[in-house]
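Subject: Structure handover

Hello,

Here is the structure I said I would pass on. Please open it alongside this message, as my notes come after it.

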Amino acid sequence: MRRLVFLLPIAIVAVLVALFWIGLDPNRDKSVLPSALVGNPAPAVDLPGLVDGAPRLNLAQFKGQLVAINFFASWCLPCRAEHPLLQQITAEFGVPVIGIAWKDKPEAAHAFLQELGDPYVATGIDHNGRTGIDFGITGVPETFLVGADGTVLYRFAGPVSDDGLRNELAPAIAEAKK
Amino acid sequence: MIPELGHYALVLALVMALAQASLPMVGAARGIRPWMQLAKPAALAQFAFVAFAFLALMQAFASSDFSVAIVTQHSHSEQPLIYKLSGTWGNHEGSLLLWVLILTIFGALVALFGENLPPRLKARTLAIQAMISVGFLLFMLLTSNPFTRLNPAPVEGDELNPLLQDPGLAMHPPMLYLGYVGFSIVFSFAVAALIDGKVDAAWARWVRPWCLLSWSCLTGGVALGSWWAYNELGWGGWWFWDPVENASFMPWLIGTALLHSALVVEKRDALKSWTILLSILTFGFSLLGTFLVRSGIITSVHAFADDPTRGVFILALLAIAIGAPLSLYALRAPTLRGGGLFAPLSREGALVMNNLLLATMTATVLLGTLYPLLLDLTTGKTISVGAPFYLATFGVLALPLLLLMAVGPFMGWKRGDVRGALQRLVAAGICALGAAIIAVWIRSDGPLLAPFGLAAGVWLLVGTLIEFMERIRLFEGNPARIWNRARHMPRAAYGMSLAHFGLAVAVIGMTGAAAWKTENIKVLQPGQSLTLQGYEFRLESVGGIRGENYLADQAHFVVSRDGNAIANLYPERRQYLVQPMPTTEAAIRSTPLADLYAVIGEPDGKGGWIVRVYHEPLVSWIWFGALIMVAGGLTSLSDRRYRVGAPVRAGAAQAAKA
Amino acid sequence: MSRKRLRLYLVLATLVVLGIAATLILRALNEELVFFRSPTEVTTNRPDAGSLFRLGGLVETGTVEKQGEQVSFSVTDLSSAVTVTYRGLLPDLFREGQGVIVEGAFDDSGQFVAREVLAKHDETYMPPEVAKALKESGRWQETEGKTQPAVTQ
């Protein structure tokens with residue numbers, strides 16, 4: 001009987017560790033969210049360019065081809081981390097990427113692209129965040145795959161990582177191209 | 001170049017740690033003296049390598065070396081130097097390095113000052129300390145390398161989070177970690193004793209100074225964090241029962257219990273297995289805190305990271321670091337021989353109650369912290385547990401503890417005279433009652449806990465004074481003899497009185513601030529004023545100012561009472577260079593009686609500004625109380641009887657060398 | 001005083017303290033917990049007036065209105081929205097289009113009055129509870145027959 005009392009601490013710890021283990025399950029990860037938008041036509045996008053004289057960004061002009069839309073911001077750290085991988089979406093998979101600077105200053109976004117390189121085929125500035133809300137983003141960065149018919153096919157929340165590119169975006173792109 | 005050297009130094013430290021973790025342990029088991037003696041140089045070398053790595057990282061921050069990733073993420077070239085330096089630990093990787101540094105510092109200290117520790121105990125203790133090092137060094141090198149480079153290096157950094165650009169918060173992590181991590185050495189001592197199979201008064205005496213040092217630092221660290229929140233967050237609040245706050249509070253509660261139970265082991269050779277358990281759990285709670293903060297498992301206003309892979313690693317570390325010792329405990333603890341008997345109403349009995357209450361209080365905080373997670377996992381419902389829960393549970397449990405604290409010191413060992421103690425405390429009781437009446441008179445509709453809390457605080461305050469006066473027999477004999485008695489009172493006794501007194505002061509402050517805080521909020525044009533508690537806050541003007549790395553709107557308030565100007569307050573709303581969020585800098589006027597707290601918000605676009613003012617009675621008592629507690633801990637530490645390495649009763653030391 | 005007696009007292013004391021603690025905890029859990037609800041939940045199931053809870057979602061762009069110390073704005077989960085009034089200083093991280101959690105209750109006139117407005121100390125991500133609520137509202141929408149998510153107006 002006395003011995004059992006001494007087993008109590010380790011037993012409680014074991015239960016807690018199990019609890020935490022379940023709690024850490026990546027399927028609980030908040031960045032894996034099914035989007036209400038997937039399967040629906042993409043919202044209209046008509047935004048000014050980053051610098052004076054730059055053309056407006058209009059999603060309609062990309063109708064007929066598969067594109068990726070990447071929401072980013074100059075003040076967003078993970079966006080920095082994912083930036084080099086955006087180039088790969090075009091280079092490896094042949095999908096052009098549109099950039100939308102979300103809730104950012106045009107000069108800052110422009111400087112961001114100057115500094116890190118511009119992987120986008122077209123860029124727009126969503127100053128008040130309205131377009132982001134239309135797309136239902138929960139933060140930046142977020143990347144959407146929009147089909148040739150203008151339907152949102154896939155949504156990737158969080159920074160695109162090597163893993164994310166290979167295991168999630170790549171299959172989604174392959175699906176889309178069928 | 002230097003960052004690479006720093007990285008390399010960490011690898012070398014890991015190698016040292018591996019050696020230190022294995023050889024001395026085997027040496028102690030087999031009696032191989034040279035292997036046991038290896039622990040000392042290994043510990044010192046490990047410390048040297050980690051210290052080098054830490055300095056290398058600090059140098060990168062100081063020189064704004066943006067080729068190092070975390071420097072880019074958490075620093076800016078125009079920041080004041082102090083915040084460049086404090087940025088070293090203002091991030092996940094850097095703070096981990098600080099953690100390990102302190103781990104190795106304590107190991108090195110034991111290596112250096114543990115000359116008259118039994119060789120086996122010393123070897124095993126240092127070996128276990130090294131095992132912890134191995135775990136954290138691996139964690140750093142595999143998942144959180146502070147020296148990751150960015151290529152090409154950016155021209156400018158992203159700036160340290162403006163909320164962290166505050167002197168209080170700059171010092172908060174080092175102080176807190178000294179506390180947190182300091183308990184690791186007590187942990188190592190305990191596990192070593194379990195392996196040894198022997199716990200005695202000598203062990204408790206060796207462990208005590210490390211307990212005291214860690215406890216004092218932890219008290220200071222928690223208080224600093226709270227003081228920072230009060231100054232920086234702009235809500236006049238100083239404790240939010242946030243999971244991260246609780247994560248630092250729980251080791252403190254258990255650490256306090258440990259401090260007291262170790263006393264019983266030392267004096268009466270009793271409560272041994274319980275003390276060993278507490279030693280393991282205190283550091284266990286520190287590790288739990290690390291896990292909660294860095295794994296992203298619990299939402300918190302200031303959690304570090306959301307990386308599940310890191311979380312898994314720390315969980316594994318936690319499981320092994322706590323699981324293994326507790327398994328050993330289940331095995332070995334039953335064989336620890338029980339010590340002296342005592343009457344339930346005795347000093348030992350009082351200390352047992354102290355421990356019981358503190359442990360239960362810790363459990364309620366743990367429950368409150370984990371409950372949302374538990375509920376989320378089982379039912380999917382999202383709830384939040386806030387101050388009302390904790391006050392209704394923790395707050396209520398604290399009351400008997402505070403009452404007991406005044407009585408305990410009057411009790412003798414083995415058998416105490418409760419009646420006599422209470423008779424001497426009558427004055428304290430009267431004061432407490434008076435305080436309760438005042439509390440109800442000031443605010444009759446306040447929280448129920450307030451008059452009780454204030455009464456308990458005053459009871460303890462007066463009770464501690466009475467005990468002190470009795471001990472030096474303040475009213476007997478001439479001043480010279482009284483002074484003599486005071487001088488010869490052991491420092492540990494002073495320490496106790498100071499610590500208890502400090503807690504009483506802090507509790508009174510907490511009750512006052514929480515129960516009688518008032519606020520007012522208004523949109524003001526320059527020239528207009530608002531009133532609160534008889535004070536008039538007149539907004540004179542709002543101007544723009546420039547700091548080293550920020551722009552700010554600064555308001556000028558003139559505070560007056562009955563028409564006499566008594567203070568000028570200058571709250572600010574700062575916009576830092578890179579991070580787009582503005583931060584508030586509250587302006588506070590502190591007096592022992594109350595704080596006046598002013599915050600300025602956004603302009604309304606029509607020349608007016610929205611302002612918020614608070615009146616918080618007694619809030620500065622909280623910080624002073626904490627300071628007194630730290631002083632008490634350090635005073636006890638300075639007692640020559642407790643210093644490790646001091647020529648304590650050579651006879652006992654010889655006898656203990658097994 | 002024998003060892004057995006002492007142990008008995010110890011066990012007794014432990015049970016008493018734990019018992020008191022358990023009682024306090026159960027009482028507190030019943031009365032003091034604050035539930036988190038999304039605008040959709042609240043619209044379909046209006047909580048009682050005076051019942052404190054937390055409401056989370058995005059701050060609907062274009063709905064923030066300030067009148068002196070009072071501010072009102074709309075909290076949406078892209079499916080339903082709730083208007084919130086608050087008297088006080090908004091936290092520094094409060095932005096239109098960003099995630100927010102407000103703690104308060106409905107008053108007798110059906111207006112949600114916030115006591116506290118909370119924003120997480122991280123620009124880029126929103127509180128997980130809000131994200132979860134948004135996700136749940138999205139899913140709810142999908143089963144309702146794939147209508148366009150309510151574009152904020």
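Predicted model: local features only at pLDDT ≥ 70, side-chain atom pairs only at ≥ 80, totals over all residues.

Chain B overall

Chain B contains 21 helices and 11 strands. Its radius of gyration is 26 Å, close to the 26 Å that the globule rule gives for 658 residues, so chain B is as compact as a globular protein of that length. The C-alpha trace of chain B spans about 80 × 75 × 60 Å along its principal axes. Of the 658 residues in chain B, 58% are buried. Among contacts in chain B with a separation of 6 or more, 74% are between residues 24 or more positions apart.

Domains of chain B

Two domains are assigned in chain B: domain 1 covers 1-160 and domain 2 covers 518-619. Taken over C-alpha atoms, the centres of domain 1 and domain 2 of chain B are separated by 43 Å. Where they touch, six residues of domain 1 of chain B are in contact with six residues of domain 2 of chain B. On the domain 1 side of that contact in chain B there are three charged, two polar and one nonpolar residues.

One residue to look at: B:Glu519

B:Glu519 sits in strand β2 of chain B, which runs over residues 518-524. Leaving aside residues up to four places away in sequence, B:Glu519 touches B:Arg612, B:Val613 and B:Tyr614. B:Val630 is 111 residues from B:Glu519 in sequence, and the two are 31 Å apart in space, C-alpha to C-alpha.

Strands in chain C

In chain C, strand β4 (residues 70-76) pairs with strand β5 (residues 81-87) in the antiparallel sense, over seven bridges. One of the residues involved is C:Thr76, whose bridge partner in β5(C) is C:Ala81. β5(C) also pairs with strand β7 (residues 112-118) of chain C, here in the parallel sense and over three bridges. In that pairing, C:Thr85 has C:Val113 in β7(C) as its bridge partner.

Regards

How values were computed
Residues numbered from 1 in each chain as written. Chains lettered and ligands numbered in written order. Domains from an automatic or database assignment. Contact = placed C-beta atoms within 7 Å. Nonpolar A, V, L, I, M, F, W, Y, C, P; charged D, E, K, R; others polar. Pairing = 2+ DSSP bridges. Helix = DSSP H or I, 4+ residues; strand = E, 2+ residues; numbered from the N terminus. Rg over C-alpha atoms; globule rule 2.2 N^0.38 Å. Buried ≥ 20, exposed ≤ 12 C-beta atoms within 10 Å, placed from the backbone.
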